[in-house]
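Trainee: Could you walk me through this one? I am new to it and would like to go piece by piece.
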Amino acid sequence: MNKIAILYGSSGGNTESVAGRIKQMLNNEADIYNVENVSIETIQPYQYLILGASTTGIGDLQDDWEGFLPTFSARMDFSGKTVAIFGLGDSASFSSSYAEAIYVLHDELKDKVKIVGEIADEGYTYDDSSAVVDGKWLGLAIDEDNEYDETEERLTKWVEQLKKEFV
């Protein structure tokens, strides 16, 4: 078993795809789980958790995460664990609530676990997001609909950052 678990919820497949790319960038030294059908017992042994969710509608958390997050938050023993968050969104159609799933996950877990992976809010095009605090994203924001040409570089930089923060 690896030390890193990537947990994702995906309605259209983009978040699942990004989770797979992150695993590849980690030299396949991570295990991937869909929150739709994973148990707390399965993920409890992992020291590092990378959480990925898409934002649906106007700032709403992806459906599978909606069902999983309350149990995850209440039953998971976060002792000694480190979490990083990535979120997908549509910066054009939902520019005023872009990638807010990052905020929802962060807000639920911030008092329970060490969260890493903040990045500067540079190079993004959107109007507003609660996932940006003091000029930094609370995790990695990805837009596969409008800024797909930025994804590879953003992922590469973020994963390299995580490799330093996951110690």
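Trainee: Which residues point one way from β5 and which the other way, and are they buried or exposed?
Mentor: Bear in mind that this is a predicted model. Thr82, Ala84, Phe86 and Leu88 point one way from β5, while Val83, Ile85 and Gly87 point the other way, and all of them are buried.
Trainee: Okay, and how many bridges join β3 to β5?
Mentor: Seven bridges join them, and the two strands run parallel, with Leu49 standing opposite Val83 of β5.
Trainee: What about β5 and β6, how do they pair?
Mentor: They pair in the parallel sense over three bridges, and Ala84 is found opposite Val116 in β6.
Trainee: Switching to α1, which of its residues are buried?
Mentor: Thr15, Val18, Ala19, Ile22 and Met25 are buried in α1. They lie on the same side of α1, because they cover an arc of only 120° around its axis.
Trainee: And what do those buried residues pack against?
Mentor: Their partners include β1, β2, β3 and β5, along with helix α5 (148-165).
Trainee: Last one: what is the strand order in the open sheet of three strands?
Mentor: The order is β7-β9-β8, with antiparallel pairing. β7 and β8 stand at the edges with a single partner strand each, so one side of each is left without a neighbour in the sheet.

Definitions and conventions: Residues are numbered from 1 along each chain as its sequence is written. This is a predicted model: local features need pLDDT of at least 70, side-chain atom pairs count only at pLDDT 80 or more; totals for chains, interfaces and linings use all residues. Side-chain values use heavy atoms; hydrogens and water are left out. Buried means under 20% relative accessible area, exposed over 50%, partly exposed in between (1.4 Å probe, protein chains only). Helices (H or I, at least four residues) and strands (E, at least two) are DSSP runs, numbered from the N terminus. The arc is that of the directions from the helix axis to the C-beta atoms. Contact means heavy atoms within 4.5 Å. Two strands pair if DSSP finds at least two bridges between them.
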